[in-house]
Amino acid sequence: MASAFGKILLITGNAEFLADRTRAKAVKVVTAEQPEVEVATSTASGLQPGELAGLTSPSLFSDASALVLTELQDLPEVAQKELLAYVAEPSPDVAVILVHSGGQKGKGLLDKLRKSPAVTEVKLEQPKYERDFASWVFTEVRDLGARIDQEAATLLVASIGQDLRALAGAADQLVANLEKGAEISASLVRQYFGGRADVRGYEIADATINGQISIALEQARWAESAKVAPVLITSALATGLRSLAKLAGAPEGMRDNDLAAHIGAPPFKIRTMRSQLRSWDQAGLAAAISAVAQADLDVKGGAADPAFAVERMVLQVAAQRRR
């Protein structure tokens, strides 16, 4: 296997969940190759002149180091020149992972990076149509070492919605409960995600973000009775809040289609999100995201009462809305 050091991995596209997962896998490859490696993570927009040189220099305490640079589209012009200079002569002891969220912003930098032999690009685009999501589920299940037929994949998308993080959680749950060599069927999908079809993680998330506490709690209880995995609810709420945070920080004057690409959400949701954002500020979003992260840890860690963890999360998130 080729070394990750002395190379630059460029992750591009508007599929936030896929980008996060690809980045995590890349870091795992780096640490597997060099267990003592120091991994630094930084946001591109906050880099000061000269700082990139320090982040891409070999470590004083380790034979190797790595840099994960996110939100590459916001990299200041001075830092862009520094990055291109580094890419022209990368250090053999440093691994670099760059993440660009898609869209036209920073395209000039991407075009220059793509010309370098040291750069390997992974493009990750959000599926657009229901059939594309079903195909993604098919591939996801296959990568988990199992099989799923087309009917079951389509039904899973219809039951869970078009949130990749939630779909991945559902696929993982189905595979974990599958007998060796068996195929995920439509009947198995109905068994785990049937019941009240209109209760989906993203609907609970929307009700919570909108401050409709009674509706959110009612749907969360229906989801529990329908045996919907709590992680699907936490994932949907995390995605909704992160999307709002991105919308809040987006440059002014962007068109809805460009905003959709920047955020990683379908264009038709932008108007709804603008309306939701009126009831949120940055501090409230940060506190709400923290509450969801804690709930996600609780339900994944086998909390004594996952349903209580979900309901507490709904109340904590709703409480962060502006009065």
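In this predicted model, five strands form an open sheet in the order S2-S3-S4-S1-S5, and their pairing is parallel. Strand S2, residues 38–43, and strand S5, residues 119–123, are the edge strands, each pairing on one side only. From one strand to the next, the twist averages 15°. Within the sheet, strand S3 (residues 65–70) pairs with strand S4 (residues 94–100) in the parallel sense, over five bridges. Leu69 stands opposite Leu98, a residue of S4.

Two of the helices in contact with these strands are described here. Helix H1, which spans residues 16–33, packs on the sheet and touches strand S1 (8–12) as well as S2, S3, S4 and S5. The direction of H1 makes about 180° with that of S4. Helix H4, residues 107–114, lies across S1, S4 and S5 and runs at about 140° to S1. A network of salt bridges links Lys107, Asp111, Arg114 and Glu121. Of these residues, Lys107, Asp111 and Arg114 fall within the range of H4, and Glu121 falls within that of S5.

Helix H5 covers residues 130–143. From its first C-alpha to its last, this helix of 14 residues reaches 20 Å, close to the 20 Å expected at 1.5 Å a residue. The buried residues in H5 are Phe133, Ala134, Trp136, Val137, Glu140 and Val141. They lie on the same side of H5 because they cover an arc of only 160° around the axis. Arg131 and Asp143, on the other side of H5, are exposed. The cover over the buried residues of H5 includes H1, strand S6 (147–148), helix H6 (150–160), helix H7 (164–176) and strand S7 (183–184). Gly145 follows H5 and has a positive phi, near 90°.

Salt bridges were searched for over the whole structure, and 15 were found. One of them joins Glu140 and Arg21, with the closest N and O atoms 2.7 Å apart. Glu140 belongs to helix H5 and Arg21 to helix H1, so this pair ties together parts that are 119 residues apart in sequence. Glu140 counts as buried because its relative accessibility is 7%, under the 20% limit. Arg21 has a relative accessibility of 25% and therefore counts as partly exposed.

A further salt bridge is formed by the side chains of Arg142 and Asp143, at 3.8 Å from N to O. Asp143 has a relative accessibility of 58% and so counts as exposed, the value being over the 50% limit.

Glu311 and Arg221 also form a salt bridge, in which the closest N and O atoms are 2.9 Å apart. This pair links distant parts of the chain, 90 residues apart, with Glu311 in helix H15 (residues 306–318) and Arg221 in helix H10 (residues 213–225). Glu311 counts as buried because its relative accessibility is 18%, whereas Arg221 is partly exposed, with a relative accessible area of 44%.

Terms used. Residues are numbered from 1 along each chain as its sequence is written. This is a predicted model: local features need pLDDT of at least 70, side-chain atom pairs count only at pLDDT 80 or more; totals for chains, interfaces and linings use all residues. Side-chain values use heavy atoms; hydrogens and water are left out. Two strands pair if DSSP finds at least two bridges between them. Helices (H or I, at least four residues) and strands (E, at least two) are DSSP runs, numbered from the N terminus. Axes are lines fitted to C-alpha atoms, for helices over the stretch in contact, and angles run from 0 to 180 degrees between N-to-C directions. Contact means heavy atoms within 4.5 Å. The expected span of a helix is 1.5 Å times one less than its number of residues. Buried means under 20% relative accessible area, exposed over 50%, partly exposed in between (1.4 Å probe, protein chains only). The arc is that of the directions from the helix axis to the C-beta atoms. A salt bridge is a side-chain nitrogen of Lys or Arg within 4 Å of a carboxyl oxygen of Asp or Glu.
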